[in-house]
Amino acid sequence: MTTTVTAPPAAPLPPPSRRRRGRLLAAGLVLLLAAAAAVYWLTRDTDDGAYDPDAPYLDASRPVAERVDDLLGRMTLDEKIGQMTQAERREVTTGDVTTYALGSLLSGGGSVPTDNTPQGWADMYDGFQTEALATRLRIPMIYGVDAVHGHNNVSGATIFPHNIGLGATRDPQLVRRIGEAVATEVVATGLDWDFAPCLCVARDTRWGRTYESFGEDPEIASSMTTIVTGLQGEKLGGPNSVLATAKHYVGDGGTLGGKDQGDAQISEEELRKVHLPPFQAAVKAGVGSVMVSFSSFNGEKLHGHRYLLTDVLKGELGFTGFVVSDWNAIDQIDGVRDAFTPAEVSTAINAGIDMVMVPERWREFIGVLRDEVNAGTVPMSRIDDANRRILTKKFELGMFEHPMADRSQFDQVGSAAHRELARQAVRQSQVLLKNAGGVLPLKPKTGKVFVAGRNADDIGNQSGGWTLTWQGGSGPITEGTTILQGIKEAVEPGGTVTYSADGSGVNRGYDVAIAVLGETPYAEYEGDRPDGVKLDKVDLDTLATLRKAGVPVVVVLVSGRPVDVAAQLPQVQGLLAAWLPGTEGAGVADVLFGAYAPTGKLPMSWPATAAQEPVNTGDEKTPLFAYGYGLTY
């Protein structure tokens, strides 16, 4: 029954804190709050009573478990389902967060406010949070974003090397520091939840998400779960603490043929030996959320896999956070990529998914889940368990006390300190694969250097996918230093650097030619290469032009994975794997010119041919370069 009631007085503003110095927006947002609250209270079933500012769940001095129990006891079924629903920011209209008591919003890759600045993000966040605080029980919403190698949706943010490069560093403490820097930039824009780290163990370089993996060995990914502590802090709710997400659970790096969203046709023994350990390490590190993989395990979609989600993750591993689905992934549980069905909704929730990412059709999801609960298909115990897990993290983050954006750290986004850390990560990630005749390091006083290749002066290409947009893009898409700029800075006055993307103009008068070749941006299934990862005609032509000039050639390979270069290897004097370094390309030049010796080690076996895939350490195949290989000066 719908009853007309008088809206309660607005909740008092939270006091300032080190993490969120809460501050409502200007008069427009205050009016928005009032309007949204009026709509809500005119249409809401009020059987559970009015807002009580003295309720135990609002008392920060009480234990979190006690606060959760009290809040759960006050919530209606609709409010509980709202907490379990995550919508995309572009798919909600003014007042929706209030009317439907939505528990979470997200930005998909490239989904940004019109003003893509730290202040623009904070304004957007506060607007949505204002609506959340206008709900009957004042439960704040949590906002998720894919900050997977820096706060990569934000213009001007520091873009760190993708995980494949960080895996080459073998430096867990460096990765923890990167997590801290990313968390600071995320918090500076008001957000509180990061869909990272990716802990997949990539076993086939043909897979389009290979660069999101730390490597082929579970020991690397397990050691790099230090990033969880970097993102969350020693405990949730401290300064610059954001909720981390271990993804994608589990086995997505082991699919047949390296197919994204494919099927891991492996034994449970192999799943447990290779793909599960990094998630176990993340749970031990206290990770707050886990995202489920699109993929299947021996034909059964992970999003409906009760054994792996509930029995193994929540039971055996003792995970106490909440499980979130991936983008529209419940639609695929029945094997068909279409609209979700009631059966898929109930299967997902009963399997152990706590929050469902339904970007566009979230209103329909709310109605379907309500019907499934009322029909007894989904028990209330499962709804309450999901809410308990979600609310616990919101309380631990301190969101009830400090829900609004902290606007004191806008200058931390893309700061000099973070860029210097990124540059350090770049140089530590470089893997020297060939150095015939000691061609490297180049001397800063080298007289004439010729640089070629489309990846030499392209910050978009060197950053890769998940940069400003989902698939990334070529060109000057954000701020930073290209590899060419880094080379120019490294050559002391008196030397010269000449650049031509296609190599035209090179001649014997140059001391060395540096060819910066490799991949252009992609993400996920768009990056699948079932026929193998190879240099394309543009790069091969550039390399041929340089070779004809008769000068020593050093290839810098910008890529998200090993590339088949066996045929070209005898034709060049040097080969450096630069991976996807991000915005600080000068770190590549640091190694080329000997300011730092290369220390990176291959995080994946380098195939001898495209047909050799998959190749991994211990499988008795002979790669071109073995896992762990890496030269130094």
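How much space lies in the largest cavity? About 90 Å³. This is a predicted model, and seven cavities of 30 Å³ or more are found in the structure. Rolling a probe the size of a water molecule over the atoms shows where empty space is left.

**Largest cavity**
- Its lining is made up of 16 residues. Ala-147, Val-148, His-149, Val-182 and Ile-227 lie nearest the centre.
- Three elements, α6 (163–169), α7 (172–188) and α9 (226–232), each give two or more residues to this lining.
- The most comes from α7, which gives three residues.
- By type, the lining holds eleven nonpolar residues, four polar and one charged.

**Second largest cavity**
- About 70 Å³ of space lies here.
- Ten residues line the second largest cavity. Closest to its centre are Glu-79, Gln-83, Ala-101, Thr-135 and Ile-139.
- Seven of the lining residues are nonpolar, two are polar and one is charged.

**Nonpolar cores**
- In soluble globular proteins, nonpolar side chains tend to be buried together.
- The largest nonpolar core here has 101 residues. Leu-105, Tyr-143, Tyr-249, Ile-330, Phe-365 and Leu-369 have the most contacts inside it.
- Helix α7 supplies the largest share of this core, nine residues.
- Leaving aside residues up to four places away in sequence, Tyr-249 touches several residues, including Leu-276, Phe-279, Met-291, Ser-293 and Leu-313.
- A separate second core has 67 residues, among them Val-148, Ala-168, Leu-442 and Ile-483.
- Val-148 belongs to that second core and is also one of the residues nearest the centre of the largest cavity.

Notes. Residues numbered from 1 in each chain as written. Predicted model: local features only at pLDDT ≥ 70, side-chain atom pairs only at ≥ 80, totals over all residues. Heavy atoms only, no water. 1 Å grid on protein atoms, 1.4 Å probe; cavity = no way out; pocket = protein on both sides within 12 Å on 5 of 7 lines; lining within 4 Å. Points joined across faces, edges and corners; volume = space filled by probe spheres on them. Helix = DSSP H or I, 4+ residues; strand = E, 2+ residues; numbered from the N terminus. Nonpolar A, V, L, I, M, F, W, Y, C, P; charged D, E, K, R; others polar. Core = buried A, V, L, I, M, F, W, Y, C linked by side-chain atoms within 4.5 Å. Buried < 20%, exposed > 50% of the residue type's maximum accessible area, 1.4 Å probe, protein only. Contact = heavy atoms within 4.5 Å.
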